[in-house]
Amino acid sequence: GGGRRLGRSMITDRLLRPTLAGDVADVNLPWSCAIYSVVNWMVAFADVEGIQIMCLKCLPYLLEDESQRTTAQRAGLTDSVLRAMVLFPDSIELHTVAFHTLVLLARPLGGNEGMLFHTAMVNTRGIFNNGSNCSKNGIVIMLDSMRRFAQDEILQAMSCWSLVNVALTPLQKSMLVKLGGLTVTANAMLQHPYNAEVQFRALFALINLVIPSETRPESEEMREFEREIFQQLGEVGEISEKEMLDASVGQISNLVVVAMKNFCSSEAILNRACLVLHNLSLNEEYHSILLWTPNCYQMLEWCLGNYPHDHVLQQSAGGTIQRLNSTLSGDEDLRARLAHSIRAQQQHSLEQARQEAVSLQEQERDSQAMDLS
């Protein structure tokens, strides 16, 4: 009863059981069996952290192959990855490589990251529901890890990357938002403002997360499945995605603009940032928040002027400005307040520049005085 439990299959027999003569059986399994081998090792040595990390490190290379990815989803690899995260809650290395595996497991079949507007090929039940019922737990485990390791920038970048693909499945996206995915992603941006990888991945995740899902599943079977999942969530399941977004939109828009200013020479970051602002601007209720976010309007204009050949950026930034102008044109008071706010921001920037210049002059004088002495 106290011995290690093995994932019993023909492959574990070949992989782990000695032959009748007492020798180790053949471990040179064919490439098509690689995923099964790794899953069996993970199950057989579930309590050995080093083996779990070794298995997780080799999985992303295997999962680049689409047939291996399909096999992995069938073999219950997602459960093994999540189990490892739960059994070793304090291992940053294990959690980081686990998130890398989840990035690949959640990648749509027939596609890759960034299929933001093409979700037809995505498994409608998502990676947490293929033969298992740990969908809620899976997303809870991911978000809990992101909260506990908030200071680790490599883990934050990798976990935000996994959210990009997990959010491509409508049901998973809805659960992500309801369980606090927006605040966890915003916190990654807040904690690591000068890490380009964290900012890029977090912005990429927000593009989908800031659009509330409105369409319901077409089949009765999927509607029933969705009802069961949200019942599992309890009170959280009753909160709408929009309510969660309403609570975060001010912080998110501010963090997006800060990222744009910090990485104004990174076209990739500006491209994703403009898409987030574009998707927020689709809701007229958020226009006043965007207009009052310091430097938001100016940064959108700046992007339009400085990246004329990025068609996605031109479309998203241009569309956002158009919508904001439409709101401004119907409200004279709002226009006057915005003009006053922009003047105040410009004055503040000039004052900051003046103070920095004075500080530099003082440092130079001090330095010269020390040289003379």
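**View 1. K173 sits in helix α9, residues 170–178.** Helices here are DSSP runs of H or I with at least four residues, numbered from the N terminus. This is a predicted model, in which local features need pLDDT of at least 70, side-chain atom pairs count only at pLDDT 80 or more, and totals for chains, interfaces and linings use all residues. Residues are numbered from 1 along each chain as its sequence is written, and side-chain values use heavy atoms, leaving out hydrogens and water. With a relative accessible area of 6%, K173 is buried (under 20% relative accessible area, with a 1.4 Å probe and protein chains only). Beyond its neighbours within four places in sequence, K173 has contacts that include N208, P212 and E241 (contact means heavy atoms within 4.5 Å).

**View 2. Helix α9 is largely enclosed by the rest of the structure, because eight of its nine residues are buried.** Those buried residues are L171, Q172, K173, S174, M175, L176, V177 and K178. Just after α9, look for G180, which takes a positive phi of about 105°.

**View 3. Helix α15 (residues 267–281) packs against helix α17 (residues 296–306).** Their angle is about 130°, with axes 11 Å apart; axes are lines fitted to C-alpha atoms over the stretch in contact, and angles run from 0 to 180 degrees between N-to-C directions. On the α15 side you will find L270, C274 and L277, which meet C296, L300, W302 and C303 of α17. The residues of this contact comprise seven nonpolar, no polar and no charged (Ala, Val, Leu, Ile, Met, Phe, Trp, Tyr, Cys and Pro count as nonpolar, Asp, Glu, Lys and Arg as charged, and the others, Gly among them, as polar).

Key
Helix = DSSP H or I, 4+ residues; strand = E, 2+ residues; numbered from the N terminus. Buried < 20%, exposed > 50% of the residue type's maximum accessible area, 1.4 Å probe, protein only.
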